[in-house]
Amino acid sequence: MYVCMYVCIDQMVREALRDDRKVMMTKSSSIDLVTQTDQKVEQLIIKSVKEKFPTHRFIGEESVAAGEPCDLTDFPTWIIDPIDGTTNFVHAFPFVAVSIGFCVNKQCEFGVVYSCLQDQMFTARRGRGAFCNGEPLQVSTEEDISRSIIATEFGSNRETEAIDRMFSSLRKIVCIPVQGVRSAGSAAVNMCLVASGCVEAYYEIGIHVWDVAAGSLLVTEAGGVLMDVEGGVVDLMSRRIIAANNRTLAERIVKEIDSFSPTRDDAPLPKQ
Ligand SMILES: Nc1ncnc2c1ncn2[C@@H]1O[C@H](CO)[C@@H](O)[C@H]1OP(=O)(O)O
Ligand SMILES: [Mg+2]
Ligand SMILES: [Mg+2]
């Protein structure tokens, strides 16, 4: 099933990159894009998994956008971002990933991020390590943020207050100074870069659970840590995350972040 799904998705994304990168609609803002490929890939994944595991539950980015609930319960749940980096996809900017996390009792058991254009399959199983195309991954051993590269994104929220806080945090981090700041345009790819050891840490406020479910396990299984932007335990529904190579860097980033709290992914829908 998995090999077949992988071949179909790979083909679907590559063909669409060549022939059909049209924006179909927008979601939370005018720059939160959806294409037909986002929907087709998500439907394919859900259909394939349902055939084998009919009782399992799903949190899929495009299903939630269509009104499905976003509840993470103790039931086995697949958390899917069919295209992480849709803006990249539309522009053929080469970081486009499919992200699938699988949780039981609210704990991630395995995570897969497929970076389509690099043909890199990142996989992690709880307690069994993280891999890229079968090669084991290890986070960076750097302890000094001034010798680090930090990844972050601006997401799709352009409200003034959020932007001011994001820039204020970024300014402080740049001026530590760090050696570099990077944005792959895909939360999942940023987390794979942390797991691979080429970026020391990634932080963002505004991500969704489907952006980071699989990546979170990749980072921890590669030896890294997850932390809330205020320093507590990360909550995947809170839309805030620091994923770092070690606690020293994560705690250093906490000091520089002007935090805020977007509406949680599992917040009740407003009454009509
Ligand atoms: N205009 C935009 N620019 C960058 N990321 C965006 C974006 N709109 C939505 N996002 C989403 O925000 C995430 C975190 O930065 C990205 O991985 C991306 O996931 P998406 O492509 O699945 O929507
Ligand atoms: Mg995403
Ligand atoms: Mg997506």
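First, the conventions. Residues are numbered from 1 along each chain as its sequence is written, and chains are lettered from A and ligands numbered from 1 in the order in which they are written. Because the model is predicted, local features need pLDDT of at least 70 and side-chain atom pairs count only at pLDDT 80 or more, while totals for chains, interfaces and linings use all residues.

I begin with the ligand. Ligand 1 is surrounded by 18 residues, a residue being near when its C-beta atom, placed from the backbone, lies within 6 Å. The closest are I31, T86, E153, S156 and A187. Two elements give two or more residues to this shell, β4 (77-84) and α4 (86-91); helices are DSSP runs of H or I with at least four residues, strands are E runs of at least two, and both are numbered from the N terminus. The largest share, three residues, comes from β4.

Where does ligand 1 sit relative to the two domains? Domain 1 (2-136) and domain 2 (145-256) both contribute to the shell, so ligand 1 lies between them. Those bounds come from an automatic or database domain assignment.

Next, the annotation. An unreviewed UniProt entry lists E61, D81, I83, D84 and D211 under "binding site". They are spread over 151 residues of sequence, yet they cluster in space, with a largest C-alpha distance of 9.6 Å. UniProt positions are given here in the model's numbering, feature names are shortened, and annotations may be inferred rather than shown by experiment.

Take two of these residues. E61 is in helix α3 (residues 61-65) and counts as buried because it has 25 C-beta neighbours inside 10 Å. The cut-offs are 20 or more other C-beta atoms within 10 Å for buried, 12 or fewer for exposed, and partly exposed in between, with C-beta atoms placed from the backbone. Beyond four places in sequence, E61 touches E42, I80, D81, P82, H208 and W210; contact means C-beta atoms, placed from the backbone, within 7 Å.

D84 lies in strand β4 and, with 33 such neighbours inside 10 Å, is also buried. Outside four places in sequence, the contacts of D84 include A97, S186 and D211.

Finally, the strands. β4 and β5 pair in the antiparallel sense over six bridges, pairing requiring at least two DSSP bridges. T77 stands opposite C103 in β5. Strand β5 (residues 97-104) has seven of its eight residues buried. β5 also pairs with β6 (residues 107-115), antiparallel, over eight bridges, and A97 has S115 as its bridge partner.

Technical notes
Contact = placed C-beta atoms within 7 Å.
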